[in-house]
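Subject: Structure handover

Hello,

The structure is below. My notes on it follow.

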Amino acid sequence: MGGSDGILGNRSVERGKATVSTASGKWLKRRETWLVILGVILHAVYMMSIFDIYFKTPIVHGMDPVTPRFKAPAKRLVLLVADGLRADKFFEPDSEGNYRAPFLRSIIKEQGRWGVSHARPPTESRPGHVAIIAGFYEDPSAVTKGWKANPVEFDSVFNRSRHTISFGSPDIVPIFCGAVPHSTWNTYPHEFEDFATDASFLDEWSLDQFQSLLNKSNEDSKLKELLLQDNLVIFLHLLGCDSNGHAHRPFSSIYLNNVKVVDHIAERVYHLMEDYYKDDSTAYIFTADHGMSDKGSHGDGHPSNTDTPLVAWGSGIKYPKPISSTNHSHCSFRFVDEHMHDTPTPKEWGLDGIERVDVNQADIAPLMSTLVGLPCPVNSVGSLPLDYIDMIEVEEVEAVVANTEQILNQFLRKSYIKQSNSLHFKPFKSLANYSSILDQIENLISVREYKAALKLSENLRSLALQGLHYFQTYDWLMLMTVITLGYVGWMIYLVLHILQSYTSLPGNMLRKEQAVRQRNYTGKVYLCGCLFMGVLSILLFLEHSPPLYHAYTTMTVFLWTQIISEYWFIKALWKHLHGRKFNYIIKLLATTAVSVFILEFLVNSFTDRNLYTWCFLIVGPTASLYLFNSIPWRSGIPIFVCMACWFLSVFTLMPAEIPDNNQLVIVSGVMIILIGVVARWLDLHAEGKYWRSISKHEVKKPKFPMLFQLQALLVGLSSVMVSLSTSHRTQKQELLALHQLINWSIAGFSMVLPLFSANGLLSRLTSIFLGFAPTFLLLSIGYEAVFYGALALVLMAWILFENTVSHLSKDKKSSASTKNADANVIFEHDERCLQLSDARIPLIFMVLFNIAFFGTGNFASIASFEISSVYRFITVFSPFLMAALLIFKLFIPFMLVICVFSAITKLHRLPRLGCYFLVILFSDVMTIHFFFLVRNTGSWMEIGNSISHFGIMSAQVVFVLLLFALTNIYTKGVECNSALITSQKVIFSSGLELGSFVVTSNVLHHSWAAISELYGEIHEPPSSASTVRFKIDDQQPNCTIIAFVTWPPCTKEHLQGRGGRDFVSSSALEETFPLFEFLCTKTNPRFSINKPAIDLFASVRGVLGFLKSQISTKPLIITGHSLGGSVASLFTLWLLDTINLATTKRPLCITFGSPLIGDDGLQEAILQYSAWNSCFLHVVSNRDPVPRVLISPHNPTAPELASPTNEYKPFGTFLLYSELGCACLEDPDSVLELLMATYSEGPVFDYKNIVQQLKGNVICKDSTKVDEWIAQPLQAGIITQLAAVGLGRPQTERRERKWLIRRRDVYDSNVLNEMKVYMAQLEWYKKCSEDEQIGYYDRFKNAFDSSDIKAQGFKKSLTCYWIDMVEEVEKKPQRKGAPFTTRWLYAGTNYRRMIEPLDIAEYYRDGKTDYMAKGRSKHYTQLEKWLSEDEKPANRPNNSKKQNLAGGLTENSCFWAYVEEARISCEVLSNSQSNDMDKHKQSLIVFEADVMGMVNNNAVSAEIFLKHSSFMKWWKEYSEIIRKGIMGTSYTSPFTDFMQNGQFRRYAPGGL
Ligand SMILES: [Zn+2]
Ligand SMILES: [Zn+2]
């Protein structure tokens, strides 16, 4: 469509779009907010589902303990738990070959049993101790309870004991003893856990407490009595290893030394006990709650965390059993955990010859219970490890039976609860006959078949455990289905939203069409949804399901209801896809496939970090090759991109457990400064078009000139602090409070600084990069510090890449803006819609976001944090602060990525929330995948990781959103010059755009506010001579306003008075005031300017320099009222010549009620630069006489006005306002005509009211036009056009009466509005057809679609209306050239050109021929006749014809009839059976010559050249005929040349 501006052309669509942007923008905002909230809730709710699915608490209440029927092998039990002691560090020798636990080794070798106890994730202290002492695996949510030391809610060995003595950590001991009355316990205060020093004294503390208790008992007889009871349990919790492991990591000498300490404590406890009791009836168990990873953390399922030592000895424990082979016996059944405990014993442990018996951690509880002859804790799922216990056979059996019955009781209880709640209960079949098995066991015992009884009993126990598992997972299928459906529904819902709100799909249009049907339908869908939801809720309620189940189903049903309610949109979408070209479908599929591939890659990367290395190794060269093709090698950008990618690829090869390397941290500080310096240099000095949009060239004084230096200094300082703090620490000293203070203040201060940086893209991002560097460095311990720099380089590469891409696409399709006009999508003013290729950006974001996580040595698991990295900030163990710091460290790379992401959306002018939703959509693809990957079998490492992957992905929605909000603080002010560049080329290609921009963006409002403020500041009384006042308002956030007024204000009389209408010619100006010489050109050598205006302008000549110096990078608005407006116009003109447009934006001049200032010479001078013309917007009220006084005939004192030589001419865009509506015009003739026609005498209308009525979303109640304008974007264009026609008030009373009569008949406002709507609908129809490469003529002719039928309806109504109209007019007496007819014809012609082709289409579709003679309706002929009578070619300048007539519509409304006739001729010729071949040949030649003529006159719409149009079909047939030689051998004509050499493809009205 080139640059044409049609009456019904696409511009009006755009304009309408912008006009409603505020109203619908609000709607979109609401919807976005709603979606974000929904997303957060949904992910939170569904994430909780894993607690219901995988982490349901296993505890049930109401079972009775099973009293054992055997004699206790030991009187008392000592339990030693070395917190955080991992098995290998315990068993293996040190580098010199000495074992660290000599005492316990001697026990293993001489008097006890040993094995590895396997803990289950979460390998945290509380769950570990619960498993040991209570015998079950708590759900991980209990980890959080650990800090609160809640009292016992479950049964434990301690509960069952006669008395329990317990010493240890305040985090552990109270959990078990807090609510047990028969216990003696004590804990040390939390402050003891300061982990900067050696924590082994904590272990000593526990021992000391115990020792003093024993000593005390020698004096305290009561205590002594207590201690001498049987069923006594003594528990010493030894925290040293855990604290030292966290602080110094498990391979540090401090940790290893702590192992020795623990061993020594075990030895001392043993001797203490033996010395005290001397009865040889004490059993000892030494174990650990969990291990410790190499990074000094625990929590996940890695063997270093799960494998803990177990050593048991003393009364009731078997002696070591030597074995010949290394194979140790196979363990009994394992609950859920199918983890095989058969890792061979490492050679270096030196325990090959002694049988090793591995247990699950929970097995220790029944072991302890059995040893002291207590009932097992009722919730225990542990299987008694018989290999440890030294009992006679019958008692062994009894012990196992007791264990079995206890587990069976749990099963029965669960089964009972489930059954009583379920509507449809499915029992666990294998245990249907459990009572008979029990009887059988009793029988076997009574007949002393102990082996068989044991076997049967163990079988029953494993069945009971399976049964427990069965009920634990009873609801899985249902839950999984509901949640998967929910995720899928959410994704579809998101896709629909993205399509409807951010893409160019004509979604809203489709919806509008069906709005009525939709409304009905939606109601029904919602009703059904509610009913369904209700039924489900009742069912769930009857089953006593947990409340969250309701939440899951409600959420899922809700989402699907929403989707189904969009049925019409989906249907339309489907149709739309069907209608699209094959290529498009392929592209869509390819994009989907690539996205899925990348997402799957990311899924895999969770388990294999190294994948990123490959990814970046490949992406680097690929991206740079791509760039190499399009931008000069010299720029260095391709090489940089490749290098940056390769550099980043290194990091995922590094070990996940970051080795300490302070040198590296310090060096990377230097590197970060270097990167900063280079970025800074580029920002200030880089040249070339690829840099312009991201760097800042305007030399503007920054607020803080030394900011960059300060930031670099802080980075340096943090490097120094890193080395200081570390060297201090390695000397085993506590961190100095001073260091701590400095570290905190550097970190805090540096993060605030970026807020004050210049807001060019590159400078702001550099500042953010430097701002977070100190904090990150202080939190770093090794290579991740370098990673920070590498990540920044890759992000820079990404920006450069996207920048290049955006330049390329801009170069390629300068008409990209027309694409956006595809739909009435609503955006903030300068965002564009999402396209398919934009999926790239969120995808790259996802990859970078993930590498930001994995690159710093994280791997996705429950606890993989490097705690030692916080020691530069805190030394005292405070879990929440530490966790906060660690999470913050994770945040920093994410922040960088998101800042760059935000910047790129600005660079591309993409809707940021749209991109966010895409990110969410993509991460949900991964979430679903992870949801299915969550497993409940395999090693606990895998289970734990699969769950944490799912959790991480689910949290990403909230996480990304949170980071978006956070980084928004930093990136809010970022400005890309890309918008600036485009605005330098073309500000607004048409006045309509300018008008709507000004109206919707509040610019108008601010301008008028500046003017009225200026008036308010003037206090002196008006003098006789006008003076210019001006005011600079640079307080506005996005623009600078310079306002001009005159004082006293100019009146009509003033201009009508002496000299008010005088001209000063350019030649006269040259001598006195040579500022406007530049307007004179060869073709346009002279012009004249209104004398009062130029005089006033000359009076401010002195301050021009000052005013110019006030121009900053912000857009400049120059405004003025009345004659002040004239001064503003002149000032703007002068500026346009003098400012450097390469660095400064073009100003926008808005005048209010300003008189015209120049003649046709000035007009011509300005019009020759289209960009100049669009710098001016003149707002004129119909009540304001001043703008008209120089031209209008209302001026009785100026009869000479009519003389054509002395005429004022308008330029720029005019926003004409009346109470009836508002019109925006730039055709100078129309402006002139309307300025004269629309004047209505009355009280002078204040522009304040106009501004208010137009401002934003204010809907003026008593003006239906404005109302309508805002509500109906599509029609706005036409409404204003027609309103402009109707605006004209007849000048005489007589004509007014006539006018009123006519208006009552045909211009009845309701009917008229309807007609406007129909035209708008048809216009849209036409637009859609063009997009489908068919053209509306042919689409209508083919009529295969419901929208075609609709179009037919509109057509019919319009035709009826116009037939009546024409008849009406014919009846009335006509006055030749009456202005009424002229304006009325404008709409009629439009109608004819739009509708007659459809009539023709209908006519030929029915197989009729010869439309011109037989088919044409009379009213068309009449309309055409009137037009030809009215058209006086001399009156109309060339450009207006181009603009007004050719835009999208073919001038000759019968064109298609000729085409059809030509096709008939072709058919006749190709069949060559007719007699009158020559006649047909002749008509074809005439036709093609006609077409050529129309093309040359721009009189035909480009639409005819669309691929599937009838015209092109004709041309195919015709060229065939030519090829056959029917038209004569080697026939050519200008037309055939035009078609054959493809010139027609470049045809656009006005484009040739
Ligand atoms: Zn622990
Ligand atoms: Zn710990």
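Contact here means heavy atoms within 4.5 Å. On that basis Val-372 touches Ala-72, Ala-74, Lys-75, Arg-76, Leu-77, Asn-231 and Leu-232, with residues up to four places away in sequence not counted.

This is a predicted model: local features need pLDDT of at least 70, side-chain atom pairs count only at pLDDT 80 or more, and totals for chains, interfaces and linings use all residues. Residues are numbered from 1 along each chain as its sequence is written, and side-chain values use heavy atoms, with hydrogens and water left out.

Val-372 lies in the loop between helix 12 (364–371) and helix 13; helices are DSSP runs of H or I with at least four residues, strands are runs of E with at least two, and both are numbered from the N terminus. Val-372 counts as buried because its relative accessibility is 0%, where buried means under 20% relative accessible area (1.4 Å probe, protein chains only).

For the chain as a whole:
- The secondary structure comes to 60 helices and 17 strands.
- Of the 1552 residues, 59% count as buried.
- Among contacts between residues at least 6 apart in sequence, 80% join residues at least 24 apart.

Regards

Terms used
Chains lettered and ligands numbered in written order. Buried < 20%, exposed > 50% of the residue type's maximum accessible area, 1.4 Å probe, protein only.
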